[in-house]
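The sequence and structure come before the discussion.

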Amino acid sequence: MHRATRCLAAVQHVTVLGAGLMGGGIAQVAAATSHKVCLVDVSSDVLDAGLKRIENSLSRVARKKFRDNEEEANEYVAATMVRTAACHGHPMGPFQLLDYVGLDTTSFITHGWARDYPDVELFQPVKSIDEKVERGEMGAKSGKGYYEHK
Ligand SMILES: NC(=O)c1ccc[n+]([C@@H]2O[C@H](COP(=O)([O-])OP(=O)(O)OC[C@H]3O[C@@H](n4cnc5c(N)ncnc54)[C@H](O)[C@@H]3O)[C@@H](O)[C@H]2O)c1
């Protein structure tokens, strides 16, 4: 029992084949427990749908977990999504990842960081993200962000 526990603790990366109900749930739990997750499926459309399902589920969890703190809830969803990548055989780029995390969520977080760390240049809001949010381009959830999402 002790040995098995030590062995599992060493697992850092999880690859899940199939982004359906079971695979999405497994990916979500793995990402929420700090694993880096690679989610694989047969097409981008199926992967997008799987990631959207995970995002919705995480939002429900976050609303219960951080009932009184919207900022913490958004950070929980964003941090968990960042650990979950759609894997098409090549890594997701930073702008695609931002689209999946949600540009409104990212904007909300960077403004929080800027307020808490006004002197740290790295934590200042990103103009191109804020402009997109103002235009209603939130990423995958709105159909457009840095990329078009059908
Ligand atoms: N849903 C349940 O409650 C449940 C319970 C126990 C076991 N299972 C089993 O778990 C498995 C998945 O069930 P589910 O409910 O998540 O199904 P699902 O149909 O929701 O998801 C299956 C996913 O696998 C993908 N897929 C198929 N072939 C693939 C391939 N070669 N490479 C990558 N992805 C591929 C499909 O595109 C689909 O998105 C099934 O074998 C099912 O019998 C499901």
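Helix α2 passes helix α3 in a right-handed crossing. The model is predicted, and the confidence of the prediction is taken up at the end.

**The α2 and α3 pair**

Helix α2 spans residues 21-32 and helix α3 spans residues 44-65; the two pack at an angle of about 50 degrees, with their axes 10 Å apart. That angle makes α2 oblique to α3. On the α2 side the contact is formed by G23, G24, A27 and Q28, which meet G50, R53, I54, S57 and L58 of α3. Sorted by class, the residues in this contact are 3 nonpolar, 5 polar and 1 charged.

**The α3 and α4 pair**

Helix α3 also packs against helix α4 (residues 70-82), where the axes come within 9 Å and cross at roughly 145 degrees. The crossing of α3 past α4 is right-handed. From α3, the residues E55, L58, S59, A62, R63 and K65 meet A73, Y76, V77, T80 and M81 of α4. This contact of α3 with α4 holds 6 nonpolar, 2 polar and 3 charged residues. L58 of α3 takes part in the contact with α2 and also in the contact with α4.

**The α6 and α7 pair**

Helix α6 covers residues 103-116, and its axis and that of α7 come within 9 Å, crossing at roughly 130 degrees. The two helices are therefore oblique to each other. Helix α6 passes α7 in a left-handed crossing. L103, D104, T106 and S107 of α6 make the contact with I129, D130, K132 and V133 of α7. Its residues divide into 3 nonpolar, 2 polar and 3 charged.

| Pair | Angle between axes | Axis distance | Crossing |
|---|---|---|---|
| α2 and α3 | about 50 degrees | 10 Å | right-handed |
| α3 and α4 | roughly 145 degrees | within 9 Å | right-handed |
| α6 and α7 | roughly 130 degrees | within 9 Å | left-handed |

**Annotation and confidence**

An unreviewed UniProt entry annotates residues 13-78 as "domain: 3-hydroxyacyl-CoA dehydrogenase NAD binding".

The protein chain has an average pLDDT of 87, and 91% of the residues score at least 70. Confidence is lowest in helix α1 (residues 2-9), with a mean of 58, and highest in helix α7 (residues 127-134), at 97. Where pLDDT is low, predicted coordinates should not be read in detail.

Technical notes. Residues are numbered from 1 along each chain as its sequence is written. This is a predicted model: local features need pLDDT of at least 70, side-chain atom pairs count only at pLDDT 80 or more; totals for chains, interfaces and linings use all residues. UniProt positions are given in the numbering used here, feature names are shortened, and annotations may be inferred rather than shown by experiment. Axes are lines fitted to C-alpha atoms, for helices over the stretch in contact, and angles run from 0 to 180 degrees between N-to-C directions. Helices (H or I, at least four residues) and strands (E, at least two) are DSSP runs, numbered from the N terminus. Angles under 35 degrees count as roughly parallel, over 145 as roughly antiparallel, 65 to 115 as roughly perpendicular and the rest as oblique. A crossing is left-handed if the near helix is turned anticlockwise from the far one by less than a right angle, and right-handed if clockwise. Two residues are in contact if their C-beta atoms, placed from the backbone, lie within 7 Å. Ala, Val, Leu, Ile, Met, Phe, Trp, Tyr, Cys and Pro count as nonpolar, Asp, Glu, Lys and Arg as charged, and the others, Gly among them, as polar. pLDDT is the predictor's confidence in each residue, from 0 to 100.
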